[in-house]
Amino acid sequence: MKTGTNIFTHPIHLGLGATAVVQPEFTDISWYDGYGERHAADGREGRLVSMFTFDKPWDMWEMHPNGSEVVLCTAGSITLHQERANGSRSTVTLKPGEYAINEPGTWHTADVDKEATAVFVTAGLGTTHRPR
């Protein structure tokens with residue numbers, strides 16, 4: 001009997017033609033460089049679906065220049081900090097079942113009090129990071 005693929009270790013790429021492609025095991029932040037190379041042909045329309053559990057605040061900011069990102073909290077509580085291209089800032093706290101959208105070009109980072117889990121649907125092409 002075949003078993004399912006673990007979303008925590010193997011994100012999914014949703015590509016052109018309504019394709020879904022299992023990704024190699026997520027290792028660290030450098031993994032995103034390979035993702036961009038693997039799916040560059042899908043351009044702005046490709047989406048990365050991933051799920052992570054956090055037990056401490058993020059130590060970086062992240063930005064997706066080529067499309068929106070949906071952040072869906074599934075467990076715990078996540079405080080998402082957003083800094084838009086026009087300089088405006090906002091903070092939103094997500095509880096299970098709640099989501100927020102990071103618009104294209106919005107820098108974002110997150111804090112968690114204890115442990116929290118979220119699903120990310122990301123326009124991953126061109127994703128960049130900076131220290132927090």
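Which strands does helix H1 (residues 31-38) lie across, and at what angle does it run to E3? In this predicted model, helix H1 lies across strand E1 (12-15) and E3, running at about 165 degrees to E3. Helices (H or I, at least four residues) and strands (E, at least two) are DSSP runs numbered from the N terminus; contact means heavy atoms within 4.5 Å. Axes are lines fitted to C-alpha atoms, for helices over the stretch in contact, with angles from 0 to 180 degrees between N-to-C directions.

E3 also belongs to an open, antiparallel sheet of six strands, ordered E2-E1-E3-E10-E5-E8 (strands pair if DSSP finds at least two bridges between them). Strands E2 (19-22) and E8 (99-102) stand at the edges with a single partner strand each, so one side of each has no neighbour in the sheet. From one strand to the next, the twist averages 20 degrees. Between E3 (residues 47-54) and E10 (residues 116-122) there are seven bridges, and Phe54 stands opposite Ala116 in E10.

Phe54 turns up again at the largest pocket: with Ile29, Phe52, Trp58 and Met60, Phe54 lies nearest the centre among the 20 lining residues. E3 gives the most to this lining, with five residues. The lining divides into ten nonpolar, four polar and six charged residues (Ala, Val, Leu, Ile, Met, Phe, Trp, Tyr, Cys and Pro count as nonpolar, Asp, Glu, Lys and Arg as charged, the others, Gly among them, as polar). A pocket here is an open set of points on a 1 Å grid over the protein atoms alone, where a 1.4 Å probe fits, with protein on both sides within 12 Å along at least five of seven lines; lining residues have an atom within 4 Å of a point.

Residues are numbered from 1 along each chain as its sequence is written. Local features need pLDDT of at least 70 and side-chain atom pairs pLDDT 80 or more, while totals for chains, interfaces and linings use all residues, and side-chain values use heavy atoms, leaving out hydrogens and water.
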